[in-house]
Amino acid sequence: MDFAFVSGNPALDLAATVGSRRDEPVDLLATPADLERWVAACEELPAAVTADPATFDSALSLREAVYTLALDRVRGQPFAPDSLRVVNAMAAGPVPGVQLSDAGLHLSGDLRAALSHIARRGIAVLADPHAHLKECGRADCTRVYLDRSRGARRTWCGMEACGNRVKAAAYRARRRAAAEGRTPERAP
């Protein structure tokens, strides 16, 4: 199973581990082992952690809280109090160890430290009034991402999956319309 890290922030990437629409979810973190693989794949987290059932449940709670807060921010709504409590409580956890080397930054620590780091990174992006948070423009994607493009004009969470799908669908619609002799409608 491959994980996508295209949101621009590890907290947003954690929130995106529920694929498809959230009303019909495809959970990429179905087991503690999935969470361990996700943490190992995230460049900003410790290389190896162990997930026990309680910490796994905490990670899923953090994921949903970050997602809720990110949507609140995108929609210009006040933050949900329950989600704020979850994220703030996680951020108060242990801090990962940090080491600098010629190879770059290295974080160490257990899963609780990794979750604390994720919560802090989430707080930083959610509190930044200049951060452009957006929800992916593809109808079947619920990913919220940090838009750092010039003029904040990015439409999709990532080109590789969502952008290519939308462009391919628009191309097929144009071809179909041309074959039927009509003018296609423009995609969003």
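These legends walk through several close-up views of a predicted model.

Local features are described where pLDDT is at least 70 and side-chain atom pairs where pLDDT is 80 or more, while totals for chains, interfaces and linings use all residues of this predicted model. Residues are numbered from 1 along each chain as its sequence is written, and side-chain values use heavy atoms, with hydrogens and water left out.

**View 1. The whole chain, to get your bearings.** The protein chain has six helices and six strands, where helices (H or I, at least four residues) and strands (E, at least two) are DSSP runs numbered from the N terminus. Along the sequence the elements come in the pattern α-β-β-α-α-α-β-β-α-β-β-α. Of the 188 residues in the protein chain, 39% are buried; here buried means under 20% relative accessible area, exposed over 50%, and partly exposed in between, with a 1.4 Å probe and protein chains only. Take the contacts (heavy atoms within 4.5 Å) between residues at least 6 apart in sequence: 55% of these join residues at least 24 apart.

View 2. The structure holds seven salt bridges, each defined as a side-chain nitrogen of Lys or Arg within 4 Å of a carboxyl oxygen of Asp or Glu. In this view R143 pairs with D13, and their closest N and O atoms are 3.7 Å apart.

**View 3. A salt-bridge network of D27, R63 and E64.** These three residues, D27, R63 and E64, are linked in a network of salt bridges. Between D27 and R63 the closest N and O atoms are 2.7 Å apart. This pair links distant parts of the chain, with D27 in strand β2 (residues 26–27) and R63 in helix α3 (residues 53–75), 36 residues apart. R63 also meets E64 in a salt bridge, at 3.1 Å from N to O.

**View 4. Helices α3 and α5, side by side.** Helix α3 packs with helix α5 (residues 111–127) at an angle of about 5°, and their axes are 11 Å apart. The axes are lines fitted to C-alpha atoms, for helices over the stretch in contact, and the angles run from 0 to 180 degrees between N-to-C directions. The two helices, α3 and α5, are therefore roughly parallel, a label given to angles under 35 degrees. From α3 the contact involves T55, S58, A59, L62, L69, A70 and R73, which meet L111, R112, L115, I118, A119, V125 and L126 of α5. Sorted by type, the residues of this contact are ten nonpolar, two polar and two charged. In that sorting, Ala, Val, Leu, Ile, Met, Phe, Trp, Tyr, Cys and Pro count as nonpolar, Asp, Glu, Lys and Arg as charged, and the others, Gly among them, as polar.

**View 5. The two sides of helix α4.** S83, V87, M90 and A91 are the buried residues shown in α4. Looking down the axis of α4, these buried residues fall within an arc of 105°, so they line one face of the helix; the arc is that of the directions from the helix axis to the C-beta atoms. P81, D82, R85 and A89 are exposed on the other side of α4. The cover over the buried residues of α4 includes α3 and α5. One of those buried residues, S83, has 10% relative accessibility and touches A65, T68 and L69, not counting residues up to four places away in sequence.

View 6. Which residues does I123 contact, leaving aside its neighbours within four places in sequence? I123 touches V87, N88 and A91. I123 lies in helix α5 and is partly exposed, with a relative accessible area of 29%. Its C-alpha is 7.6 Å from that of V87, although I123 and V87 are 36 residues apart in sequence. N88 belongs to helix α4 (residues 81–91) and is partly exposed at 43%.

Conventions
Angles under 35 degrees count as roughly parallel, over 145 as roughly antiparallel, 65 to 115 as roughly perpendicular and the rest as oblique.
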